[in-house]
Amino acid sequence: MSMLKTALAGVVLCTSVAASAHPTLLSSSPASGAQGVAPAVIELRFSENLLTQFSGAKLTMTDMPGMPNSSMPVKASVAASADPKVMLIKPASTLTVGTYRVDWRAVSSDTHPILGNVVFSVQP
C-alpha cells in the first residue's frame, strides 16, 4: 500500500510542477535596448506555446526627437506565428525615428497571464 501512496505522491508532484510553469520571454527581435532601423515586424519568442485568444501586445512610441517623454500609441496588429511560441506585432505603417515600447501579455496552458515589455529605438 505504501508503494501506491508513493507513486501517487510522485504523480501529484509532477503534475503540480508542470501546472505551475509560466511562459517567459526568451528573445525579441529587435532585442530590448536595441538601436537600429525600423522593423517591419516585431517578434517575441516565449518558452511555451501561447493561447492566442488571451495573449496580446500593444506598441507605444515613448520618445520622439524634440519631444522627450511623449507617449503615443502606435497602430499595430498582433498575430500568432506558425510557431505557437512566437507572437508577431506588425506596425500599420513604417516606424519613424524614436523610442518604442512593446507591452506584452503572454498566456499559456496554465492560464496565468504574464506581463512584460521590450523597449527599442529606431535610428535615422
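## A loop serine and the strands around it

Ser-108 is placed in the loop between β8 and β9, where helices (H or I, at least four residues) and strands (E, at least two) are DSSP runs numbered from the N terminus. Ser-108 is buried, its relative accessible area being 1%; buried means under 20% relative accessible area, exposed over 50%, and partly exposed in between, with a 1.4 Å probe and protein chains only. Once its neighbours within four places in sequence are left aside, Ser-108 is in contact with Ala-21, Pro-23, Glu-48, Asn-49 and Leu-51, a contact being heavy atoms within 4.5 Å.

The model is predicted, and local features need pLDDT of at least 70, while side-chain atom pairs count only at pLDDT 80 or more and totals for chains, interfaces and linings use all residues. Residues are numbered from 1 along each chain as its sequence is written, and side-chain values use heavy atoms, with hydrogens and water left out.

### Confidence and overall make-up

The mean pLDDT of the protein is 87, and 84% of its residues reach 70 or more; pLDDT is the predictor's confidence in each residue, from 0 to 100. Over residues 3-19, pLDDT stays under 50, and for this stretch the model has 1 contact beyond four places in sequence. Where pLDDT is low, the predicted coordinates should not be read in detail.

The protein has 1 helix and 9 strands, and along the sequence these follow the pattern α-β-β-β-β-β-β-β-β-β. Of its 124 residues, 29% count as buried. Among contacts between residues at least 6 apart in sequence, 60% join residues at least 24 apart. The protein exposes about 7,600 Å², of which carbon and sulfur atoms supply 63%; accessible areas come from the Shrake-Rupley method with a 1.4 Å probe, and for residues only the protein chains shown count as cover.

### Strand pairing

An open sheet of 5 strands has the order β2-β9-β8-β4-β5, with mixed pairing; two strands pair if DSSP finds at least two bridges between them. The edge strands of this sheet are β2 (35-36) and β5 (72-74), each of which pairs on one side only. Within the sheet, Ala-57 has Trp-104 in β8 as its bridge partner, and Thr-60 stands opposite Pro-73 in β5.

Pairing also links β3 with β7 and β6 with β7. Glu-43 stands opposite Leu-88 in β7, whereas Ala-80 stands opposite Met-87 in β7. A hairpin joins β6 to β7 through 5 residues. The table sets out four of the strand pairs with their bridges.

| Strand pair | Bridges | Sense |
|---|---|---|
| β4 and β8 | 7 bridges | antiparallel |
| β6 (residues 76-80) and β7 | 5 bridges | antiparallel |
| β3 and β7 | 4 bridges | antiparallel |
| β4 and β5 | 3 bridges | antiparallel |

### The nonpolar core

A nonpolar core is a set of buried Ala, Val, Leu, Ile, Met, Phe, Trp, Tyr and Cys residues joined through side-chain atoms within 4.5 Å. The largest such core has 17 residues, of which Ile-42, Leu-44, Phe-46, Tyr-100, Val-102 and Phe-120 touch the most other members. The elements that give two or more residues to this core are β3 (42-46), β4 (56-63), β7 (86-91), β8 (98-106) and β9 (114-122), and β8 gives the most, with 4 residues.

Val-102 illustrates the packing: not counting residues up to four places away in sequence, Val-102 touches Ile-42, Leu-44, Ala-57, Lys-58, Leu-59, Ile-89, Gly-116, Asn-117, Val-118 and Phe-120.

### Aromatic pairs

Rings of Phe, Tyr and Trp (its six-membered ring) pair if their centres lie within 6.5 Å, and planes under 30 degrees apart count as stacked, over 60 as edge-to-face and the rest as tilted. By this rule the count comes to 2 aromatic pairs. The rings of Phe-46 and Trp-104 have centres 4.9 Å apart and planes at 75°, so this pair is edge-to-face. Because Phe-46 lies in strand β3 and Trp-104 in strand β8, the pair ties together parts that are 58 residues apart in sequence. Both Phe-46 and Trp-104 are buried.

Tyr-100 and Phe-120 form a stacked aromatic pair, with 5.7 Å from centre to centre and 20° between the planes. Tyr-100 lies in strand β8 and Phe-120 in strand β9, so here the parts tied together are 20 residues apart in sequence. Both Tyr-100 and Phe-120 are buried.
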